Structure formats: C-alpha cells, structure tokens
Amino acid sequence: MSDVLHLRAIVPPDRTDTVLKALGDCAGATNVVVFPGAARSPQGDLVNSDVARESVNEVLDALRALGVDRDGSIALEKIDLSLSETAEEAMERAPGYGDDAVVWEQLDNQVAEGTALSFSFIAFLAFATQLAGIAALIDSPVLVVGAMVLGPEFGAVAAICYGIVRGRPWHIVQALRALAVGFAVAILITYVCALVSRWTGVIELDRLPTDRPLTAFIYSPDRWSFIVALLAGAAGVLSLTAGKSSALVGVFISVTTVPAAGNFAVAAALRHGSEIRGSALQLGVNIVGMVIAGTATLLVQRAVWAIILRRGGRPRIAGADGRTTLRGRT
C-alpha cells in the first residue's frame with residue numbers, strides 16, 4: 001500500500017477538535033489516533049492518521065488554515081506496508097489515483113533540496129563533468145552514461161519548473177544560481193585538469209579528433225536533442241510527482257547536460273573552437289527543453305487533477321457479482 005502516507009501532527013489543544021473534524025470529513029483519512037497532551041516541544045496534542053495520497057493536499061490545506069504548521073507541527077512519511085481494510089476503503093473513497101496526485105508540499109521539499117548550493121552538489125557535478133571530459137578524450141559512451149547518472153542537476157531543473165507553476169520566484173532564483181555556479185565550478189575544475197594534463201604531456205592538442213562516432217552527439221545538437229530533452233523533462237517531473245524515483249535513472253541517461261559541460265571544458269583547454277560552441281549550445285538546449293516540458297507536465301497534472309475532483313473521483317464499474325467497484329482496485 002504505497003499510496004498511503006502517515007500524518008503526525010502536534011496540535012494546540014484548542015484546535016484539536018477542529019482538526020479531528022477535518023480528518024473525519026476527509027474521505028481519504030483513516031486510522032485517526034489522538035494522544036492528548038503528549039507533545040512537549042511544541043506543547044500540544046499528538047494526532048496521528050493514515051491519509052490516502054489523493055487526499056493529502058486536502059488535509060494539509062485544512063491543517064495550515066488552522067495554523068497547525070505555525071503553532072504546532074506537521075510531518076508526513078511514506079508507509080511501506082499497511083494491512084488494513086479501513087485504509088483500503090479510505091483509498092477507494094478518495095478521488096482519483098495516488099500516482100496522479102501531486103502532493104505540492106512534498107514536491108516543494110524535494111525541489112528545495114535540489115536548489116541547495118552545497119559542497120556535495122558541486123562535488124558530484126565536478127566528478128560527473130570530469131568523467132564526461134575523459135569520455136570525450138577517449139570517445140567512450142560508457143563513461144558518458146556514467147557522467148549522466150552521476151550528475152545532480154535535474155533537481156535544480158525541477159525546481160525551476162515548480163517555481164514557474166506555483167509562482168515561487170525564489171525557487172527559480174535559487175535553482176538558476178545552483179546551475180550557474182555548479183556548472184561554472186565543474187567546468188573550471190575540468191578545464192584546469194585538462195590544461196595540466198596538456199602541459200604535462202598526458203594529452204595533446206589533437207586529442208579531440210574530428211571524427212568521434214560514439215560521442216559526437218555531445219557537441220552536435222540537432223532537433224533530436226531538443227525532442228529528447230522535452231521527453232526527459234516530462235518524464236523526470238512525472239517520476240518526482242508520482243514517487244517513482246527509479247524512473248529518474250532513465251531521465252539521467254537521456255540528456256547530455258553534464259557530458260556537454262565536460263566536452264566544453266576539454267575543448268576549451270585544447271582550443272577546439274567548434275566543439276566549444278557546439279557543447280555550449282547542447283547544454284543550453286537540454287536545460288531549456290527540460291524546463292519547458294517539466295513546466296508543461298506540472299500544468300497538465302494540475303488541470304487533470306482539477307477535472308478529477310470536479311467529476312468526483314475515479315470511474316466505477318460493475319463487477320461480475322453486480323457490485324460496484326473502483327476501476328484499478330481489487
């Protein structure tokens with residue numbers, strides 16, 4: 001039962017009854033437990049509940065309207081296993097499907113992590129860019145894939161999409177700063193390493209040959225580069241909102257942002273002007289394409305969910321025994 005989240009709220013005593021009523025009115029909330037006066041910091045009543053993913057936004061909106069996030073505390077965590085008929089019934093009563101519901105507060109937290117200009121973000125991006133630089137030198141598609149997977153830049157791209165859709169300019173600014181500084185530092189490190197390697201004779205000026213059949217796509221953007229970026233951006237945002245993190249690996253190995261950065265650094269060190277321009281264009285095409293597709297995906301998801309709520313949830317069908325059941329539930 002991966003579509004159920006566990007809610008833990010510390011509620012000021014004067015608002016506990018109102019919170020319980022809100023949970024009782026929510027079709028997707030169940031297993032409500034109250035521990036009066038159990039919380040010490042902050043002080044209040046501890047309220048626990050299991051909430052179908054489809055109803056999480058409704059519950060969070062109600063709790064925030066009551067100021068629980070300000071005067072108390074709200075926490076959500078995923079439940080890996082729940083053996084409960086009441087929880088199953090709550091999921092059936094809730095509108096739509098869990099995979100289609102975007103938990104906006106959860107997404108906000110995810111993208112905020114992607115915009116943090118931390119040491120680890122820069123380090124992973126620098127390692128990935130250097131791998132891509134080596135891949136360019138030896139024409140190795142295996143190292144290109146490794147660099148793609150290692151690069152952490154998609155979190156910042158997703159943050160830009162989220163900021164556009166939700167009207168959060170600070171997310172956009174933070175994400176752009178992370179991308180700009182992160183890639184600048186990673187390219188500079190790779191450039192310096194390539195220069196040192198050239199000066200010490202490890203690599204030569206002609207080390208980047210004109211004919212690179214396996215990795216030439218890194219610095220040769222075309223219409224397919226943009227199409228792939230669109231598909232990857234849409235799939236990446238969808239995997240984040242649906243909680244399908246495993247799908248992100250496919251996104252990482254579809255776009256050539258990091259490989260283009262690595263090729264840019266090495267080409268600059270070895271004075272290959274055409275590859276410098278091509279790599280820079282490839283980098284820009286990938287980021288712009290992912291932002292456009294990711295933003296469009298969030299807008300479509302929001303519109304689809306609004307339609308689902310207006311229509312009252314998932315379609316019902318009649319079973320063999322004549323009973324009405326929910327499509328997709330057994």
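Start with the open sheet of four strands, ordered S2-S3-S1-S4 with antiparallel pairing. Strands (E, at least two residues) and helices (H or I, at least four) are DSSP runs numbered from the N terminus, and two strands pair if DSSP finds at least two bridges between them. Color the edges next: strand S2 (29-40) and strand S4 (73-78) each pair on one side only. Neighbouring strands here are turned by 15° against each other on average, direction ignored.

Before going on, some housekeeping: this is a predicted model, where local features need pLDDT of at least 70 and side-chain atom pairs count only at pLDDT 80 or more, while totals for chains, interfaces and linings use all residues. Residues are numbered from 1 along each chain as its sequence is written, and side-chain values use heavy atoms, with hydrogens and water left out.

Now select residues 4-11 and 43-52. These are strands S1 and S3, running antiparallel and joined by eight bridges. Leu-7 has Ser-49 of S3 standing opposite.

Axes are lines fitted to C-alpha atoms (for helices, over the stretch in contact), and angles run from 0 to 180 degrees between N-to-C directions. Then show helix H4 (residues 85-93), which lies across S1, S2 and S3 and runs at about 110° to S2.

While you're in this region, zoom in on Ser-41 and Pro-42: a cis peptide bond joins them, with omega about -5°. Pro-42 sits in the loop between S2 and S3. Most residues other than glycine have a negative phi, and most peptide bonds are trans.

Zoom out to the whole chain. There are 13 helices and six strands, and 48% of the 330 residues are buried. Buried means under 20% relative accessible area, exposed over 50%, and partly exposed in between (1.4 Å probe, protein chains only).

Which residues touch the most other members of the largest nonpolar core? Select Trp-104, Leu-107, Phe-154, Phe-183, Val-258 and Leu-298, out of 44 residues in that core. A nonpolar core is a set of buried Ala, Val, Leu, Ile, Met, Phe, Trp, Tyr and Cys residues joined through side-chain atoms within 4.5 Å. Several helices supply at least two residues each, including H5 (104-114), H9 (169-199) and H13 (273-311). H8 gives the most, with nine residues.

Center on Val-258 and show its neighbours: leaving out residues up to four places away in sequence, Val-258 touches Leu-125, Ala-128, Thr-129, Ala-132, Ala-147, Gly-151, Glu-153 and Phe-183.

Next, the cysteines. Cys-161 is buried, with a relative accessible area of 0%, whereas Cys-193 is partly exposed at 34%. The structure holds zero disulfides, a disulfide being a pair of cysteine sulfur atoms within 2.5 Å.

Asp-139, in the loop between H6 and H7, has a positive phi of about 55° although it is not a glycine. Asp-139 is buried, with a relative accessible area of 17%. Arg-271, in the loop between H12 and H13, also has a positive phi, near 60°. Arg-271 is exposed, with a relative accessible area of 63%.

Conventions:
Contact means heavy atoms within 4.5 Å.
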